[in-house]
Amino acid sequence: MSRSGVARTIDHDEFDPIGTLALVVLYFVVLTVMWLFTYFVEFLGHGPTVVGLLPLG
Amino acid sequence: MRIHTYEKLWLAGSFVLIVGFIVTVTYGSVGLGIDMIGEEADGVSPDEISSDERFSEPRVEQVGENEYEVYVVAMTFIFQPDPIEVPANSEVTFYVTSRDVIHGFEVPGTNINSMAIPGQVAELTVEFDEPGTYGVICNEYCGPQHHTMEGSLVVTPEWEFSQTELEVDAPESVAQGDEIDLTATVSNGLLETHESTVNVTIGSQTTEQSITVDGESSENVSVTVDSDELGPGEHDWTVSVDDQEESGTITVGNETDTTESVPASVGTETVSVTMNPADPTRASRGVGYP
């Protein structure tokens, strides 16, 4: 596995780390789903919840 | 500075996430009214709890239509009152304090969870929509019996909820031929008028009486029975209203018995000792009994 001495220079926007992008998008999706689950299912789903003295509901 | 397109993408994504978090929390707070546990209520020193008008008598109190206040005192290793009984479809404000060390006030499975700190009063308002039974546990280690410290919270259906208290005044014994006067005092702790039925059973006689008790007041129900109808002997009586029940025994004696019982109660020392062989003072003097 010898490295070839040939180096290719590319333009700033030609660099295209699509795998990294996919990972970051996946990470964002996981974060969003986890947040929705934590807040709406685990927190709001486990009522009764402490409410303010002037509830609007 | 040149920023790569992908980098712009995830920078924007991060901002959207942060804004999303803030929006959901704001929605919860403004839209649903979710709040933090407050300590706006005045504190109470543990040694003043017994004389504090809020906590001297831990209780559920109606303060408005569908609005209740519950004063909870936690101590090693119980909660007072226990059970806490509130109606469904109500808004309940708990005021929680501790008499000794730091305790927890948690209703497992719900978001009701507060510390009970001596000297401080935690204030939390909760809406109960559905009837149900919950437990209450202490979640702060408070001593060797911490694991046994539990209470219960019962949300009863609205139509079943009452704060009726019953007190009965009945004679213990009457002479044969006299009338038995039994008075039941039914008090209503709610703000609204409460209608109910009082059932009185004396011996084999049963009477039923409908009563209407105004909010925060009481009514008396009197029942008079001729002791001749019952005959001599002991007769059990029971008075019940809503979920309250009181019972006792009335002795109907003939007139001679009654007259005799009077001197016996004011008898001389010799007489009373003879009548009470289990007298501990005599036992300690080493007097043996057969």
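Predicted model: local features only at pLDDT ≥ 70, side-chain atom pairs only at ≥ 80, totals over all residues.

Biologist: Thank you. Which strand of chain B does β1(A) pair with, and in which sense?
Modeller: The partner of β1(A) is strand β8 of chain B, residues 122–128, and the two pair in the antiparallel sense over two bridges. Within β8(B), B:Thr125 is the bridge partner of A:Val51.

Biologist: How many residues of each chain are in contact?
Modeller: On chain A there are 27 residues in contact with chain B, and they meet 36 residues of chain B.

Biologist: And what area do the two chains bury between them?
Modeller: About 2900 Å² is buried between chain A and chain B, and 66% of that area is on carbon and sulfur atoms.

Biologist: Which elements of chain A give two or more residues to that side?
Modeller: They are α1, residues 18–43, and β1, residues 50–51. The element that gives the most is α1(A), with 11 residues.

Biologist: How do the residues on that side of chain A divide by type?
Modeller: The side of chain A that touches chain B has 18 nonpolar residues, seven polar ones and two charged ones.

Biologist: How many salt bridges are there between the chains, then?
Modeller: The count between chain A and chain B is zero salt bridges.

Biologist: Let us change topic to the sheets. Which strands form the open sheet of three?
Modeller: That sheet belongs to chain B, its order is β11-β13-β16, and the pairing is antiparallel. Its edge strands are β11, residues 164–169, and β16, residues 217–226, each of which pairs on one side only. Neighbouring strands in this sheet are turned by 20 degrees against each other on average, with direction ignored.

Biologist: How many bridges link β11(B) and β13(B)?
Modeller: Six bridges link β11(B) to strand β13(B), which covers residues 179–188, and the two pair in the antiparallel sense. One example is B:Glu165, whose bridge partner in β13(B) is B:Ser187.

Biologist: What is the order of strands in the sheet of five?
Modeller: The order in this open sheet of chain B is β12-β18-β17-β14-β15, and the pairing is mixed.

Biologist: Why is one side of β12 and of β15 left without a neighbour in that sheet?
Modeller: Both β12 and β15 (205–213) of chain B stand at the edges with a single partner strand each, so one side of each has no neighbour in the sheet. The twist from one strand to the next averages 20 degrees.

Biologist: Do β12(B) and β18(B) run parallel or antiparallel?
Modeller: Strand β12 (residues 173–175) and strand β18 (residues 244–253) of chain B run parallel and are joined by three bridges. Here B:Ser173 has B:Thr251 in β18(B) as its bridge partner.

Biologist: And how do β17(B) and β18(B) pair?
Modeller: Strand β17(B), residues 233–241, pairs with β18(B) in the antiparallel sense over nine bridges. Across from B:Val241 stands B:Gln244 in β18(B), and across from B:Asp236 stands B:Thr249 in β18(B). The hairpin of these strands has two residues between them, and B:Asp242 takes a positive phi near 50 degrees there.

Biologist: Which other residue has a positive phi although it is not a glycine?
Modeller: B:Glu216 has a positive phi of about 50 degrees. This residue, B:Glu216, lies in the loop between β15 and β16 of chain B.

Biologist: One last topic: where are cis peptide bonds located?
Modeller: One joins A:Gly47 and A:Pro48, with omega about -10 degrees, and A:Pro48 is placed in the loop between α1 and β1 of chain A. Another runs from B:Thr76 to B:Phe77, with omega near 0 degrees. The place of B:Phe77 is the loop between β2 (67–75) and β3 (78–80) of chain B.

Note on methods: Residues numbered from 1 in each chain as written. Chains lettered and ligands numbered in written order. Heavy atoms only, no water. Contact = heavy atoms within 4.5 Å. Buried area = accessible area lost by both parts, 1.4 Å probe. Salt bridge = Lys/Arg side-chain N within 4 Å of Asp/Glu carboxyl O. Helix = DSSP H or I, 4+ residues; strand = E, 2+ residues; numbered from the N terminus. Nonpolar A, V, L, I, M, F, W, Y, C, P; charged D, E, K, R; others polar. Pairing = 2+ DSSP bridges. Axes fitted to C-alpha atoms, helices over the stretch in contact; angles between N-to-C directions.
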